[in-house]
Amino acid sequence: MAFARNMYTIDSSSGFSPKKMVNPWKTYVKLSAVLMGSHDLTKGSLAFLNYPVQLMFKSTKVLLVMVMGAFIPGLRRKYPAHEYVSAILLVLGLILFTLADAQTSPSFSVIGVIMVIGALVMDSFLGNLQEVIFNMNPETTQMEMLFCSTVVGLPLLIPPMVLTGEVFEAWNSCSEIVM
């Protein structure tokens, strides 16, 4: 059965169904908590940092993913020394950039740095946790991962959006487009 609205078509016969789930919901609760925490901290850090500083911090995600991958049970990855050296050089570049930006940019704040570092830690868990889920249960589909983490994450995302008023702005914006 297909539903069409404007140029978008949704084919419900070939998509994901909760009846086809291969992982328990508790798996997606953990994944969603990390995903939404990362999202909220990343977005919130922009109130305290300018975008180039946040982008530089986020570009160091590779180092944290490498480090977390070495310690997460089920992965225990090992990387060659030259990959660690490359990642460390990236972080050193970040530190130099951040120190220079702290002196020239009025929108630089330690609170923003702490928030973006928290988001990076959650991001590093996220990628590795997704990989563990796929490794533990090879029948897991990307559609299941996306659907379940979104459904579980929605209740975690709504309260901050209500508190900041963003949900009302989004609703008004959508209602203008639809009407």
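Modeller: L126 is buried, with a relative accessible area of 11%; buried means under 20%, exposed over 50% and partly exposed in between, for a 1.4 Å probe and protein chains only. The model is predicted, so local features need pLDDT of at least 70 and side-chain atom pairs pLDDT 80 or more, while totals for chains, interfaces and linings use all residues. Residues are numbered from 1 along each chain as its sequence is written, and side-chain values use heavy atoms, without hydrogens and water.

L126 belongs to helix α5; helices (H or I, at least four residues) and strands (E, at least two) are DSSP runs, numbered from the N terminus. In sequence, L126 and L31 are 95 residues apart, yet their C-alpha atoms are 6.7 Å apart in space.

Helix α5 spans residues 110-136, and it is one of the elements that give two or more residues to the lining of the largest pocket; α1 (25-45) is the other. A pocket is an open set of points on a 1 Å grid over the protein atoms alone, where a 1.4 Å probe fits, with protein on both sides within 12 Å along at least five of seven lines; a lining residue has an atom within 4 Å of a point. The lining consists of N23, P24, K26, T27, K30, L129, V132, I133, M136 and N137. Helix α5 provides its largest share, four residues. Sorted by class, five lining residues are nonpolar, three are polar and two are charged. Here Ala, Val, Leu, Ile, Met, Phe, Trp, Tyr, Cys and Pro count as nonpolar, Asp, Glu, Lys and Arg as charged, and the others, including Gly, as polar.

T27, one of these lining residues, is situated in helix α1. T27 is buried, at 18% relative accessible area. Its C-alpha atom lies 9.8 Å from that of M145, although 118 residues separate T27 and M145 in sequence.

V62 is partly exposed, at 41% relative accessible area. The C-alpha atoms of V62 and S124 are separated by 7.9 Å, and the two residues are 62 apart along the chain.

Helix α2 (residues 51-58) has V53, Q54 and F57 as its buried residues. Viewed down the axis of α2, these residues fall within an arc of 100°, so they line one face of the helix; the arc is that of the directions from the helix axis to the C-beta atoms.

The UniProt record (unreviewed entry) places "transmembrane region" at residues 84-102, 108-126 and 146-163. Its positions are given in the numbering used here, the feature names are shortened, and annotations may be inferred rather than shown by experiment. In the model, residues 146-163 are 100% helix and 0% strand, with the end C-alpha atoms 26 Å apart. C148 is buried, with a relative accessible area of 0%, whereas C174 is partly exposed, at 46%. The whole structure contains zero disulfides, a disulfide being a pair of cysteine sulfur atoms within 2.5 Å.

Of its 179 residues, 30% are buried.
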